[in-house]
Amino acid sequence: MTKVCVITGGGSGMGLETAKLMGPDVKVIISGRTVAKLEGAIESLREAGVDAEPFACDVSDRASGEALAAFARSLGTVTTVIHAAGISPHMGDGMAILSINAVGTMNVDEVFGGIIADGGVILNVSSMSAYMLPSDRVPLALYQASAYGAEAFLAGCAQMLAQVPAQMVPGMAYTVSKHFVIWYTEKMALELGRRGVRVVSISPGTFATPMGDVEGEEAARFALNGALGRLGDPKEIAAMMAFMVSDQAGYLTATDVLYDGGAVAAYRAQMAASAAQNAPAAAAPAAN
């Protein structure tokens, strides 16, 4: 039996680095929106001894995801799916961000959830920004609308974004889309768990990747202000992702791993200190 690992967004960054770690006994498929952009990645993987094939796929399009799944099945038994495809606030408008990041996760998880081997694993990539969405701002009703399909979900997304100031739309869409990834990961883990299929997610901080470069100084500042005070190396998160999909992590499911060098912890500490500084001074105790 040929084991197949599918990696969306596998043409660069953490997706490509993870592909290099998947081992010589696994057939790796890396997907992106155009095969031409994957050619360099395929060459580097084959030089590293990885049996790899490219496949063009737009994860926001269900039919495209189904074509990717059909191709994967033609090569062997799909045992691992790493869904790393996504765009940042600087790479598209609000609806594009939600279509690719949120609907893309729905499409990949649902399509591959139907064909993945019992005991397989799906790893979704979220973001540390998901941890910055206040609990009272989580659009749970919108998330639940995903049960009625992408069209109903995106209609709800459009209504949500219409209430947000224009300059805040990309950031809001990104944060919600990545928070949705964590919520949807839990949902799919419960649906697929009886087959022994694990579904997990990882929330990266700022890494030295092409997407990290696009995000620029603001994203880098989060990392530099974090506990470790530096950007992450793609090889570091690749090692974690490879571990999460390995048999060594066989009891890990329905959860997210925040892998951000302590950036969210530093942000929360800063917010707490600011709130304390701006709070009214406590009244002095009355004298006896």
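Which residue stands opposite Val-121 in S5? In this predicted model, the residue opposite Val-121 in S5 is Thr-80. Residues are numbered from 1 along each chain as its sequence is written, and side-chain values rest on heavy atoms, with hydrogens and water left out. Local features were required to have a pLDDT of at least 70 and side-chain atom pairs were counted only at pLDDT 80 or more, whereas totals for chains, interfaces and linings use all residues. Helices (H or I, at least four residues) and strands (E, at least two) are DSSP runs, numbered from the N terminus.

Strand S5 comprises residues 121-125 and pairs with two other strands, where pairing requires that DSSP finds at least two bridges between the strands. With strand S4 (residues 77-83), S5 runs parallel and is joined by 4 bridges, while its pairing with strand S6 (residues 198-204) is likewise in the parallel sense and extends over 5 bridges. In the latter pairing, Val-125 stands opposite Ile-202 in S6. Burial is defined here by relative accessible area, with buried meaning under 20%, exposed over 50% and partly exposed in between (1.4 Å probe, protein chains only). Because 5 of the 5 residues of S5 are buried, this strand is largely enclosed by the rest of the structure. In a regular strand the side chains alternate between the two faces of the sheet. In S5, Val-121, Leu-123 and Val-125 point one way and Ile-122 and Asn-124 the other way, and all are buried.

Together, S4, H4 and S5 make a right-handed β-α-β unit, right-handed meaning that, with the strands pointing away from the viewer, the path from the first strand over the helix to the second runs clockwise. Helix H4 spans residues 94-113, and its 20 residues reach 27 Å from the first C-alpha to the last, close to the 28 Å expected at 1.5 Å a residue; the expected span is 1.5 Å times one less than the number of residues.

His-179, in helix H7 (residues 169-192), counts as buried at 18% relative accessibility and touches Ala-130, Leu-133, Val-138 and Tyr-143, not counting residues up to four places away in sequence. Glu-17, found in helix H1 (residues 13-19), is buried with a relative accessible area of 16%, and, with residues up to four places away in sequence again not counted, Glu-17 touches Pro-234, Lys-235 and Ala-238.

A disulfide is a covalent bond between the sulfur atoms of two cysteines. With a disulfide taken as a pair of cysteine sulfur atoms within 2.5 Å, the count comes to 0 disulfides. Cys-5 is in no disulfide, the nearest cysteine sulfur, that of Cys-57, being 14 Å away; Cys-5 counts as buried at 0% relative accessibility. The sulfur of Cys-157 is 20 Å from the closest cysteine sulfur, in Cys-57, and therefore too far for a bond, and Cys-157 also counts as buried, at 0% relative accessibility.

Ala-254 lies in the loop between helix H9 (234-244) and strand S7 (256-259). Although not a glycine, Ala-254 has a positive phi of about 55°, and at 28% relative accessibility Ala-254 counts as partly exposed.

Notes:
Contact means heavy atoms within 4.5 Å.
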